Amino acid sequence: RGLLDSVIKHGDEVVARGDQPPVYYLDLASVDQHLTDQAACTTAMPFETLSKAFVEQIKMCCDGVLVVASPFNRPLVTRRGWCLYEVVMAHQHGVPITVVAPPSEEALLRDLIMADGGYEIMIDVMTAIDSSTAEASVAVDLQNIRRVIETEVDGGYSEVDNIYKRVLRPWVLGLLSHLLGTLDGGSEEAARFAQTCGLIMSGVGDYPRAIEFNQKALAIQLRVLGEEHPDVASSYNNLGIVYASQGDSPKAIEFYQKSLAIKLKVLGEEH
């Protein structure tokens, strides 16, 4: 159900932009692998077909590849050999790639991110990818996919992992921004969520985005809580950490000092 809901949502968004209604080839709901001889899902695709004809189908017949990241905390597409292969080939040949999550999982994801340590879920999604352990239902298919990766992708599995990370990161960023927009923009909850988003982006080394989210959190907190509040001190401290990670020591010290000043005033010297 999540797959179909994601496809329907994407189609609605495409039409809402004024584009033509899209036609989808549902990879997970089909076993013919682009009309090659695999209808029984028991015979392997010949290596030449996999490395040449199959790739041509992706290049010539697809206006884009839609990746459904489900379940969001451990997407199947990062563990299935065929999915990894198709996304990497699409990326290699300039075919646009869009990542979506089932609408039913979005609200759940927001709540999980807000829970203690929840930010680690999205960090893992963007970093815990190991294409060398991907699986396929037909053993020879997996052998051939690995052969293509090892012989035709510069950097092999490591580059496949990096490609997938580059594909997933914009989706995560857009998803976090979308989820933040579902909260009351002037609420402490929105500030906490923005703060958590900053931790996520900092955790994957995207410091400019981490700064943006932390600044959003700080702006809300200053408006709602005032300057002298421990949460404001926390946001100043988070910004200091991000700037320090970027190597900007003067900026980091500036925010650390602001954080310390509030803590000393509100919590006292011996806290």
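The structure holds zero disulfides. This is a predicted model, and its chain of 271 residues has 42% of them counted as buried. The secondary structure amounts to 11 helices and two strands. Six salt bridges turn up in a search of the whole structure.

**Overall make-up**

- Read from the N terminus, the elements follow the order α-α-β-α-β-α-α-α-α-α-α-α-α.
- Of the contacts in the chain between residues at least 6 apart in sequence, 69% join residues at least 24 apart.

**Cysteines**

- Cys83 has a relative accessible area of 7% and is therefore buried, the cut-off being under 20%.
- Cys197 is also buried, because its relative accessible area is 0%.
- No disulfide is present in the structure.

**Cis peptide bond**

- The peptide bond that joins Ser70 and Pro71 is cis, with omega at about -10°.
- Pro71 sits in a loop; strand E1 (65-68) lies on one side of that loop and helix H3 (81-92) on the other.

**Packing of helices H6 and H7**

- Two packed helices are described by the angle between their axes and the distance between the axes.
- For helix H6 (residues 139-152) and helix H7 (residues 156-181), the angle is about 95° and the axes are 7 Å apart.
- This angle makes H6 roughly perpendicular to H7, since angles of 65 to 115 degrees are classed that way.
- On the H6 side the contact involves Arg146, Ile149 and Glu150, and on the H7 side Gly156, Tyr157 and Val160.
- Sorted by class, the residues in the contact of H6 with H7 are three nonpolar, one polar and two charged.

- Ile149 is a residue of helix H6.
- Its relative accessible area is 6%, so Ile149 counts as buried.
- When neighbours within four places in sequence are left aside, Ile149 is in contact with Gly156, Tyr157 and Val160.
- These partners of Ile149 are also the residues that H7 brings to its meeting with H6.
- Ser132 is 17 residues from Ile149 along the chain, and the C-alpha atoms of the two are separated by 9.6 Å.

**Packing of helices H4 and H7**

- Helix H4 (residues 103-114) and H7 have axes that come within 11 Å and cross at roughly 90°.
- H4 and H7 are therefore roughly perpendicular to each other.
- H4 contributes Glu106, Leu109, Arg110 and Ile113 to the contact, while H7 contributes Leu175, Leu176, His178 and Leu179.
- The residues in the contact of H4 with H7 divide by class into five nonpolar, one polar and two charged.

**Salt bridge between Glu159 and Arg166**

- A salt bridge joins the side chains of Glu159 and Arg166, at 3.0 Å from N to O.
- Arg166 has a relative accessibility of 44% and so counts as partly exposed.

- Lys251, Glu254 and Lys258 are linked in a network of salt bridges.
- Between Glu254 and Lys251 the closest N and O atoms of the salt bridge are 3.9 Å apart.
- Both Glu254 and Lys251 belong to helix H11 (residues 249-267), and they are three residues apart, about one turn of the helix.
- Glu254 also forms a salt bridge with Lys258, where the closest N and O atoms are 3.7 Å apart.
- Glu254 and Lys258, both in helix H11, are four residues apart, again about one turn of the helix.
- Glu254 is partly exposed because its relative accessible area is 32%, and values of that class lie between the 20% limit for buried and the 50% limit for exposed.
- Lys251 is partly exposed as well, with a relative accessible area of 30%.
- Lys258, with a relative accessible area of 35%, is likewise partly exposed.

How values were computed. Residues numbered from 1 in each chain as written. Predicted model: local features only at pLDDT ≥ 70, side-chain atom pairs only at ≥ 80, totals over all residues. Heavy atoms only, no water. Disulfide = S-S within 2.5 Å. Buried < 20%, exposed > 50% of the residue type's maximum accessible area, 1.4 Å probe, protein only. Axes fitted to C-alpha atoms, helices over the stretch in contact; angles between N-to-C directions. Parallel < 35°, antiparallel > 145°, perpendicular 65-115°, else oblique. Contact = heavy atoms within 4.5 Å. Nonpolar A, V, L, I, M, F, W, Y, C, P; charged D, E, K, R; others polar. Salt bridge = Lys/Arg side-chain N within 4 Å of Asp/Glu carboxyl O.
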